[in-house]
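Work through the exercises below with the model open. Each task is followed by a stepwise solution.

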Amino acid sequence: MTTAVLSTFSAPKGTYDLIPPDSEAFLAVREAIAAPLRRAGYGYIETPGFEHVELFSRGVGESTDIVTKEMYTLTTKGGDELALRPEGTASVLRAALQANLHRGALPVKLWYSGSYYRYERPQAGRYRHFSQVGAEALGSEDPALDAELIILAVDAYRSLGLRNFRLLLNSLGDKECRPVYRAALQDFLRGLDLDEDTRRRVEINPLRVLDDKREAVQKQLTGAPMMRDHLCEACKEYHEQVRALLTAAGVEFEDDPKLVRGLDYYTRTTFEFVHDGLGSQSAIGGGGRYDGLSEMIGGPALPSVGWALGVDRTVLALRAENVGLAAESRTEVFAVPLGDEARRALFGVVTELRRGGIAADFAYGGKGLKNAMKSANRSGARYAVVAGERDLAEGVVQLKDLQSGEQSPVPLDAVVTEVRGRLA
Ligand code: AMP
């Protein structure tokens with residue numbers, strides 16, 4: 001055994017720890033995204049952190065960066081090929097099919113929250129371990145459902161106080177019109193001056209070429225055929241309904257005919273939320289309709305729509321806008337015992353306060369008065385409960401207002417009532 005200095009004190013590249021007080025913002029964001037979903041009838045679902053590799057290669061798409069370059073895969077001792085989940089939709093759909101939820105009332109509306117893993121080049125806002133809250137509505141082809149999900153995401157962002165985000169909207173067509181468009185786009189792209197990688201992409205997934213960020217590629221895309229000019233009547237009508245419902249709900253959007261997103265399973269409605277204060281990693285969330293995904297992973301036809309919002313980037317976006325989030329459980333009362341008898345008595349008071357719904361903490365470690373009062377002030381508590389032997393002999397504790405400095409005795413058995421009255 002070596003006792004050399006452990007490099008394990010630094011988290012793996014592309015990851016970071018959530019530490020108080022900053023971690024509070026992550027909890028607040030997760031809760032703010034979940035609240036509108038709960039009000040809209042979405043039930044909570046949790047799936048394993050890893051799945052069979054095949055679920056993602058079939059579901060997310062063999063030609064995507066996520067599957068070809070970014071998946072954390074492993075072979076178990078038993079020989080199973082698994083992957084840490086790079087996204088949530090395929091897992092949620094797999095779980096719903098396994099539990100036969102699709103045989104019950106449709107749509108099945110589910111939300112989830114968790115960690116996702118992609119072996120990406122780390123940079124500001126792009127991590128190898130990140131956090132999403134997502135929602136999926138399975139088994140229904142209804143533009144109101146697409147609109148509902150987009151509205152719920154907008155409401156979540158707004159409830160957090162976020163302002164400078166934009167919604168980009170597009171339709172990717174369906175199995176009728178998409179193949180025709182794909183062929184037209186391929187014809188166009190084959191005539192361009194592209195590097196070998198990109199030419200390969202033209203053959204496997206030509207829509208992704210539209211999304212290429214490089215100037216040299218973008219320059220050549222002027223005049224490329226656009227999906228919106230190739231939508232079939234049914235897709236056009238569907239998209240118009242989504243747009244009308246969003247407008248009626250006061251949700252602004254920008255039509256972005258080049259929006260294709262990084263996963264293969266999208267059909268019809270696709271959207272992305274971008275924030276202008278984040279630099280190159282500006283997507284704070286995205287999603288769309290995936291009518292063919294269930295069949296791609298071996299299930300029945302199950303037209304569905306969903307999104308995933310990035311918790312890490314939403315926190316960064318809030319910071320960029322200087323939006324503060326109120327911490328949930330700030331200590332309200334801090335107990336400072338002087339001597340052993342007071343320790344026992346005040347430990348009891350703290351327990352009683354907490355059980356009474358008041359956030360309370362205690363000067364642990366047998367600190368002297370001066371240090372204990374420092375801890376009380378640092379805790380942000382409004383009140384300190386201080387007691388020594390003499391107080392206890394009189395059956396009281398001293399209740400000190402840490403803002404005004406005023407102090408008064410309160411009977412030991414009346415502390416909770418008194419504190420509650422004062423905090424109200
Ligand atoms: P996607 O599943 O790629 O559509 O991602 C949905 C959202 O998750 C994005 O809009 C980002 O906010 C967030 N996200 C995706 N990948 C990462 C990453 N590597 N690091 C941080 N956030 C990410």
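Buried means under 20% relative accessible area, exposed means over 50%, and partly exposed lies in between. Keep in mind that this is a predicted model.

**Exercise 1. Arg 268**

Task: Classify Arg 268 as buried or exposed, then find its salt-bridge partner.

Solution. 
- Step 1. Locate the residue. Arg 268 sits in strand E9, residues 267-275.
- Step 2. Apply the cut-off. Arg 268 has 6% relative accessibility, so it counts as buried.
- Step 3. Find the partner. The side chain of Arg 268 meets that of Glu 141 in a salt bridge, 2.9 Å from N to O.
- Step 4. Glu 141 lies in the loop between E6 and helix H5 (143-160), and the pair links distant parts of the chain, 127 residues apart.
- Step 5. Classify the partner. Glu 141 has a relative accessible area of 48%, so it is partly exposed.
- Step 6. Arg 268 has a positive phi of about 45°, although it is not a glycine.

**Exercise 2. A pair within one helix**

Task: Why are Glu 233 and Lys 236 separated by about one helical turn?

Solution. 
- Step 1. Confirm the contact. Glu 233 forms a salt bridge with Lys 236, and the closest N and O atoms are 3.4 Å apart.
- Step 2. Read the spacing. Both residues lie in helix H10 (residues 233-248), and they are 3 residues apart, which means a separation of about one helical turn.
- Step 3. Classify each end. Glu 233 is exposed, because its relative accessible area is 58%. Lys 236 is partly exposed at 36%.
- Step 4. Take the total. The structure holds 25 salt bridges.

**Exercise 3. The largest nonpolar core**

Task: Which element gives the most residues to the largest nonpolar core?

Solution. 
- Step 1. Size the core. The largest nonpolar core has 48 residues.
- Step 2. Pick out the members that touch the most others. They are Phe 56, Leu 93, Leu 110, Leu 138, Leu 185, Leu 189 and Leu 210.
- Step 3. List the elements that give two or more residues. These are helix H2 (53-59), helix H3 (65-68), H4, E5, strand E6 (129-138), helix H6 (177-190) and helix H8 (207-210).

**Exercise 4. Backbone geometry**

Solution. 
- Step 1. Take Pro 21. The bond from Pro 20 to Pro 21 is cis, with omega near 0°. Pro 21 lies in the segment before helix H1 (23-39).
- Step 2. Take Pro 107. The bond from Leu 106 to Pro 107 is cis, with omega near 0°. Pro 107 lies in the loop between helix H4 (89-98) and strand E5 (108-117).
- Step 3. Turn to Asn 100. This residue is also found in the loop between H4 and E5.
- Step 4. Classify Asn 100. At 37% relative accessibility, Asn 100 counts as partly exposed.

**Exercise 5. Surface charge and a loop residue**

Task: Which residues form a positive surface patch with Lys 374, and is Glu 394 buried or exposed?

Solution. 
- Step 1. List the patch. Lys 367, Lys 370, Lys 374 and Arg 378 form it.
- Step 2. Classify Lys 374. Its relative accessibility is 45%, so Lys 374 counts as partly exposed.
- Step 3. Move to Glu 394. This residue is found in the loop between helix H15 (389-393) and strand E15 (396-401).
- Step 4. Classify Glu 394. Its relative accessible area is 57%, so Glu 394 is exposed.
- Step 5. Compare sequence with space. Glu 394 and Leu 412 are 18 residues apart in sequence and 9.2 Å apart in space, C-alpha to C-alpha.

Technical notes. Residues numbered from 1 in each chain as written. Predicted model: local features only at pLDDT ≥ 70, side-chain atom pairs only at ≥ 80, totals over all residues. Heavy atoms only, no water. Patch = residues over 30% accessible without salt bridge, like charges linked within 9 Å, V, L, I, M, F, W, Y side chains within 5 Å. Areas by Shrake-Rupley, 256 points an atom, 1.4 Å probe, with all protein chains shown as cover. Salt bridge = Lys/Arg side-chain N within 4 Å of Asp/Glu carboxyl O. Lys, Arg positive; Asp, Glu negative; His and termini not counted. Charge placed at Lys NZ, Arg CZ, Asp CG, Glu CD. Buried < 20%, exposed > 50% of the residue type's maximum accessible area, 1.4 Å probe, protein only. Helix = DSSP H or I, 4+ residues; strand = E, 2+ residues; numbered from the N terminus. Core = buried A, V, L, I, M, F, W, Y, C linked by side-chain atoms within 4.5 Å.
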